[in-house]
Amino acid sequence: MRRRSERGGERIGLAGGAGMSPETMPVAIPGLRVGAEVAAALVDRRPVVGLETSVIGQGLPYPQNLECVDRLEAAIRGAGSVSAWVGVLNGEVVVGLSDEELGAFTEPGRAEKVARRDLPAACARGGLGATTVSATIWAAARAGVRVSATGGIGGVHPGERRDVSADLMELSQTPGLLVCSGPKSIVDPAATAERLEELGVTMAGYGVSRLPFFLAREARVDLEHSVDTPGEAAAVLAAAIRLDTRSTILLCNPIASEFAIDADEVAAAVRRCEDRADREGVRGRDLTPFLLACLADETGGRSLEANLALLESNAALAGAVSVAYASVAGGPTAARSG
């Protein structure tokens, strides 16, 4: 990973900060710390992208998680935005981990997986917590970060258990925009889309009219909305903020064709992995990391390569949307936009 000394972890009081409008003003919350570089960007109303640490703490093995950090950082900065990795550290929720702090999350088995519901307990324990989508967008929104990126969201798992990810409820009650490649290939895409519709979450395809399905280009689920440019996505976000809809816009960006895996092949591999999880008694928060690791085995590592590719693509798109939104919201980028 690159080291950048300017990304310190000092506390900066943002409430009432110069140059911030009421719509971008973060809420001052004891126990939530904003890293120095991210804080400066927010005060100047420059584009920022929130990132979850669970993807490097549990979702990807070492050393691919180190590669993931570098690729996402390069993609976001290449788009003209600032990255804000979110995690729990020393009893605080941190938005904008320094490089040194972030390195601890990539060490195998060191960080626990933390959803939004787990934040109080994780902070009380004072350990290292890698945040999932639900915890990440919660923290990002409270810091004033409007755009985040991930690989795939959780959803409704198939089978009799019908386990439902905490991501879905948090998406329904946290304002912002999340770039993803649809639901992870280990969940039921139709049931997940239906639940999101029930919860009032807007889903928009990026250049597509069908729901992307993580490792596969698409599921057999039609989307009612689509956009073709980062500017159009930023306009949807701006409208949601203006209307105070209080839910996340899901911008669904399909995996590039050269990295996509055939949907039937993915489904067969997932079924084998689910059978294995049942035999081994894997449940709860351990299920998703287990299934993703199993998928990598079943596909000869192709799912791992695909996951890295879609994460990088989503980060780049999130960076571009964040830049476009800063322009729409009246940030410094407005003077440079053509």
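View 1. By class, twelve nonpolar, 14 polar and eight charged residues make up the lining of the largest pocket. Keep in mind as you look around that this is a predicted model.

**View 2. The space in the largest pocket and what surrounds it.** The largest pocket holds about 520 Å³ of space, and 34 residues line it. Nearest its centre you will find Lys 113, Thr 132, Ser 165, Lys 184 and Thr 288. Several elements give two or more residues to this lining: α2 (54-59), β5 (112-114), α7 (166-173), α11 (287-298) and α12 (302-328).

**View 3. The disulfide between Cys 273 and Cys 294.** A disulfide is a covalent bond between the sulfur atoms of two cysteines. The count here comes to one disulfide, and it joins Cys 273 to Cys 294, with 2.2 Å from S to S. Cys 273 sits in helix α10 (residues 263-280) and Cys 294 in helix α11, so the bond ties together parts that are 21 residues apart in sequence. The torsion about the S-S bond is about -90°, so this disulfide is left-handed. Are these two cysteines buried or exposed? Both Cys 273 and Cys 294 are buried.

**View 4. Cys 252, a cysteine in no disulfide.** The nearest cysteine sulfur to that of Cys 252 belongs to Cys 180 and is 4.2 Å away. A disulfide needs the two sulfur atoms within 2.5 Å, and Cys 252 is in no disulfide. Cys 252 has 1% relative accessibility, so it counts as buried.

**View 5. Cys 68, a buried cysteine.** The relative accessible area of Cys 68 is 0%, so this residue is buried.

Definitions and conventions: Residues numbered from 1 in each chain as written. Predicted model: local features only at pLDDT ≥ 70, side-chain atom pairs only at ≥ 80, totals over all residues. Heavy atoms only, no water. 1 Å grid on protein atoms, 1.4 Å probe; cavity = no way out; pocket = protein on both sides within 12 Å on 5 of 7 lines; lining within 4 Å. Points joined across faces, edges and corners; volume = space filled by probe spheres on them. Helix = DSSP H or I, 4+ residues; strand = E, 2+ residues; numbered from the N terminus. Nonpolar A, V, L, I, M, F, W, Y, C, P; charged D, E, K, R; others polar. Buried < 20%, exposed > 50% of the residue type's maximum accessible area, 1.4 Å probe, protein only.
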